[in-house]
Amino acid sequence: MRVLVIGAGALGGYYGACLVRAGADVTFLVRSARAEQLRRDGLRVTSPHGDFAVQPKIVLANELKEPFDVVLVGVKAYSLDDAMSQFAPAVGASTMILPILNGLKHIDALTARFGAGHVLGGLANVSAGLDADGRVVQFMANQTIVFGETKGALSERVLALEKLLRVPGIDVRASDTIMQDMWEKFVQLSTLAGITCLMRASIGDILTVPNGEASIFRLFAEHCAVATASGFEPRAPFIEFDRKLFTTQNSPLKASMLRDIERGSVTEAEHILGDMANRGRALGIETPMLDIARAHVAAYEVGRRRAAS
């Protein structure tokens, strides 16, 4: 399969580099500044599993003329509209679009643009970012991709894609319950982003303060209620995993949204916290903790835009 990776940031850069290292036919759709950097330095990955670098094939949007078998979309949610316009020429009659964005709103956007038959559900569990030199830095050892047909069942194309993605550096799983998986990831991410941004602190630090743990699980309960009302009640193994995740003493874990705030960047707050709050409101679920966290990051965004202007 020919794979087009949209961008060479934290997600696309990490998973795409692992595929290139394994010999897959991968091209990266990037902007001109990133293309120049990649031509000069290669695509470099710093990882707990060992550092490596590859020389990627790259293409600019105005050079994209033919369809690919797979389009791997790992951009930030606020960049999706522009990305869809750029990679549209790569979507042919049998192209699979595998988004590994945060949240759920992007599924509707991709489906509206390209049709449900092209769009898979997917999620990534990897803690990574770009450093000042353009290197992809994997902060923790997790590196999972889960994906599947949004209507369930393990299709032939999903199983073929699972085989392609099973390379060193990627823990891959095809799922026949991908929307349930995505909802659980949405609950986890919204809780992590909401609490670490609200407190401007890691999970480990939050656990050391009065009512810190209680605040985490108040927010978690609100998100679980929204998921349940939406028809995707979180499963017991997920609840147990997240309870351990959010009670690990000295944990350095913080949301990428908080890292965006710390460096003064735009966030995905409305695509994650805002979308969760809106879904809860539409279903009559009260989310007071979530509403405060959403307002907190929204106020940051107002200040950031004012400073930028």
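The model is predicted, so local features need pLDDT of at least 70 and side-chain atom pairs count only at pLDDT 80 or more, while totals for chains, interfaces and linings use all residues. Residues are numbered from 1 along each chain as its sequence is written, and side-chain values use heavy atoms, with hydrogens and water left out.

Let's start with helix α3 (residues 80-87) and helix α4 (residues 105-114), whose axes come within 11 Å and cross at roughly 30°. Helices here are DSSP runs (H or I, at least four residues), numbered from the N terminus, and axes are lines fitted to C-alpha atoms over the stretch in contact, with angles from 0 to 180 degrees between N-to-C directions. α3 and α4 are therefore roughly parallel to each other (angles under 35 degrees count as such). On the α3 side, the contact (heavy atoms within 4.5 Å) is made by Leu80, Met84, Ser85 and Phe87. Helix α4 brings His106, Ala109, Leu110, Arg113 and Phe114.

Now for the rings, which pair if their centres lie within 6.5 Å. The whole structure has eight aromatic pairs. In one of them, Phe217 and Phe220 sit edge-to-face (planes over 60 degrees apart), at 6.1 Å centre to centre and 90° between the planes. These two are three residues apart in helix α8 (residues 212-229), so about one helical turn separates them. Together, Phe217, Phe220, Phe238 and Phe246 form one aromatic cluster.

Notes:
Angles under 35 degrees count as roughly parallel, over 145 as roughly antiparallel, 65 to 115 as roughly perpendicular and the rest as oblique. Rings of Phe, Tyr and Trp (its six-membered ring) pair if their centres lie within 6.5 Å; planes under 30 degrees apart count as stacked, over 60 as edge-to-face and the rest as tilted.
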